[in-house]
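Here's a quick walk through one protein chain, written for someone who likes numbers with their pictures. Have a look at the structure before reading on.

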Amino acid sequence: QVQLVESGGGLVQPGGSLRLSCAASGTFFRYYAMGWYRQAPGKERELVAAMTSGGTANYVDSVQGRFTISRDNTKNTVYLQMNNLKPEDTAVYYCNTGRTITANVRGPFWGQGTQVTVSS
């Protein structure tokens with residue numbers, strides 16, 4: 001059974017920072033890709049950042065240079081450091097995992113989501 005639990009969301013002012021965490025259960029973690037998606041009201045869920053099991057990271061253009069994805073295989077945890085946040089980053093952020101995660105391929109396992117609100 002794969003379980004993903006996100007934490008770290010909240011309300012932040014524009015220009016501020018947040019760090020999201022996603023703790024995973026099971027022994028699969030180090031062999032799977034990990035990704036962060038977000039979904040704003042009225043919009044489709046989009047891939048924000050992903051990291052392969054080997055540590056290669058990819059980002060959507062809108063967060064390049066502001067967000068950093070990382071993983072700690074000893075803690076079965078993936079992080080999303082978000083800096084210089086903008087109001088358009090407001091969304092529910094979801095953790096995702098599977099053997100492959102790309103812009104067109106989603107993993108089969110999801111967390112419950114954590115709300116990020118960027119507002120003054």
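## Fold

Keep in mind that this is a predicted model. Its protein chain has 11 strands and 0 helices, so the pattern along the sequence is simply β-β-β-β-β-β-β-β-β-β-β.

## Size and packing

The C-alpha trace spans about 40 × 25 × 25 Å along its principal axes. For 120 residues, a compact globule would come out with a radius of gyration near 14 Å, and the 13 Å of the protein chain agrees with that. Of the 120 residues, 42% are buried.

## Surface and charge

The protein chain exposes about 6300 Å², with carbon and sulfur atoms supplying 46% of that area.

## Two asparagines with positive phi

Asn76 has phi near 50°, a positive value in a residue that isn't glycine. You'll find Asn76 in the loop between β7 (67–72) and β8 (77–82).

Asn84 also has a positive phi, near 50°, and again it's a residue other than glycine. Asn84 belongs to the loop between β8 and β9 (91–98). How exposed is Asn84? Its relative accessible area is 42%, which means Asn84 counts as partly exposed.

Methods. Residues are numbered from 1 along each chain as its sequence is written. This is a predicted model: local features need pLDDT of at least 70, side-chain atom pairs count only at pLDDT 80 or more; totals for chains, interfaces and linings use all residues. Side-chain values use heavy atoms; hydrogens and water are left out. Helices (H or I, at least four residues) and strands (E, at least two) are DSSP runs, numbered from the N terminus. The radius of gyration is taken over C-alpha atoms; the globule rule is 2.2 Å times the number of residues to the power 0.38. Buried means under 20% relative accessible area, exposed over 50%, partly exposed in between (1.4 Å probe, protein chains only). Accessible areas come from the Shrake-Rupley method with a 1.4 Å probe; for residues, only the protein chains shown count as cover.
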